[in-house]
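Please look over the sequence and the structure shown here before reading the briefing that follows.

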Amino acid sequence: MAVRGNAVRMIEPAMNLDQLIHERVRLGIVSALAASKSLTFGELKEILELTDGNLSIHARKLEDAGYVSVRKYFEGRRPQTAYELTAVGRKAFEKYVNHMEALIRAMKPKEK
Amino acid sequence: MGLRADMHEHALDNIKFIRSTMENATAFTALPGYGMAVVGLSALVAAWLSGRTQTDEGWLAVWTAEGMAAILLGFLAMIFKAGQSGMSLLSQPARRFALGFAPPLLAGAALTAAAARVNHYGEVPGMWLLLYGAGVSTGGTFSVKAVPIMGLCFMALGAIALFLPYEFRNLILGLGFGGFHLGFGLWIARKHGG
């Protein structure tokens with residue numbers, strides 16, 4: 001486990017990873033929004049199996065960074081919140097995925 | 001060497017997480033709403049046509065053709081929407097949907113053949129709606145809420161149809177395969193991007 005912890009600590013600076021996306025919950029939010037044009041708060045909560053509070057906190061961080069945009073509207077009398085990935089967020093996500101793929105190729109364990 | 005393998009494993013784990021999250025999110029939206037609405041329109045045409053047939057065999061032929069056309073239309077619409085979102089039709093959510101959806105449909109085909117063999121058509125519309133609804137409900141468990149709700153509506157209508165007079169069969173099939181597909185299809189299209 002200690003080795004794994006070291007590995008994670010080494011990856012981040014070595015690859016200049018976007019810390020905002022690297023966090024698991026935020027990575028989940030961005031990944032879900034990358035696959036779908038728009039998702040409501042309820043849908044994201046269900047897909048990622050998160051609590052309201054946890055999702056709110058992480059979605060707000062992504063919103064503050066300009067990675068996601070938020071649209072509030074009423075469906076009947078019920079208020080709804082829908083999230084979309086912005087162009088900046090999509091670019092950051094693609095860069096992160098490219099980083100991971102490069103790491104997989106570079107760090108592939110050699111055959112004995 | 002251990003560290004290298006661990007970094008590789010960590011990156012791989014991240015990519016797997018991204019892929020599975022994207023697949024789950026796509027399962028919420030990959031259902032083709034507009035395609036479903038087109039299937040509904042074709043079912044309304046079939047309900048009108050089948051009302052003009054003179055024999056039970058003719059009636060069954062119209063609905064069998066409609067069933068095949070609906071499967072083809074639905075499949076093409078799914079390919080189109082999956083292509084737009086860059087997801088494979090062989091993804092886990094798609095396989096999960098197919099595995100839940102197909103068995104009740106196959107059961108329906110076998111039971112229809114058995115009913116036709118003995119010229120017993122009375123319960124066929126109710127049975128179709130019930131089994132189709134069961135397939136949609138189980139296949140759509142992990143999809144948008146509209147899908148399992150639509151399945152339950154089909155099942156409820158199927159249960160009612162079993163106790164309605166024979167003369168109502170085209171009306172009830174038109175309402176189910178036509179009305180429900182059209183209504184839920186447009187709802188899904190509006191809320192989930194097509």
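At what angle do the axes of helix H4 (residues 41–48) of chain A and helix H5 (residues 52–64) of chain A cross? They cross at roughly 110 degrees and come within 10 Å, where axes are lines fitted to C-alpha atoms, for helices over the stretch in contact, and angles run from 0 to 180 degrees between N-to-C directions. This is a predicted model, in which local features need pLDDT of at least 70 and side-chain atom pairs count only at pLDDT 80 or more, while totals for chains, interfaces and linings use all residues. Residues are numbered from 1 along each chain as its sequence is written, chains are lettered from A and ligands numbered from 1 in the order in which they are written, and side-chain values use heavy atoms, with hydrogens and water left out.

**Helix pair in chain A**

- H4(A) and H5(A) are therefore roughly perpendicular to each other (65 to 115 degrees); helices are DSSP runs of H or I with at least four residues, numbered from the N terminus.
- A:Phe41, A:Leu44 and A:Lys45 in H4(A) meet A:Asp52, A:Leu55 and A:Ser56 in H5(A), a contact being heavy atoms within 4.5 Å.

**Helix H5 of chain B**

- Helix H5 (residues 124–139) of chain B has 16 residues and reaches 22 Å from its first C-alpha to its last, close to the 22 Å expected at 1.5 Å a residue, the expected span being 1.5 Å times one less than the number of residues.
- Because 12 of its 16 residues are buried, H5(B) is largely enclosed by the rest of the structure (buried means under 20% relative accessible area, with a 1.4 Å probe and protein chains only).
- The buried residues of H5(B) include B:Trp128, B:Leu129 and B:Tyr132.

**Aromatic pairs**

- Over all chains, the structure holds 10 aromatic pairs, counted where rings of Phe, Tyr and Trp (its six-membered ring) have centres within 6.5 Å.
- The rings of B:Phe101 and B:Tyr132 have centres 5.7 Å apart and planes at 80 degrees, so the pair is edge-to-face (planes over 60 degrees apart).
- This pair links distant parts of the chain, with B:Phe101 in helix H4 (residues 92–117) of chain B and B:Tyr132 in helix H5 of chain B, 31 residues apart.
- B:Tyr132 is buried at 18% relative accessibility, and with B:Phe177 it forms another edge-to-face pair, 5.3 Å centre to centre with 75 degrees between the planes.

**Residue B:Ile15**

- B:Ile15, in helix H1 (residues 2–29) of chain B, is buried with a relative accessible area of 11%.
- Not counting residues up to four places away in sequence, B:Ile15 touches A:Val97, A:Met100, A:Glu101 and A:Ile104.

Terms used: Helix = DSSP H or I, 4+ residues; strand = E, 2+ residues; numbered from the N terminus. Buried < 20%, exposed > 50% of the residue type's maximum accessible area, 1.4 Å probe, protein only. Parallel < 35°, antiparallel > 145°, perpendicular 65-115°, else oblique. Phe/Tyr/Trp six-rings, centres within 6.5 Å; stacked < 30°, edge-to-face > 60°.
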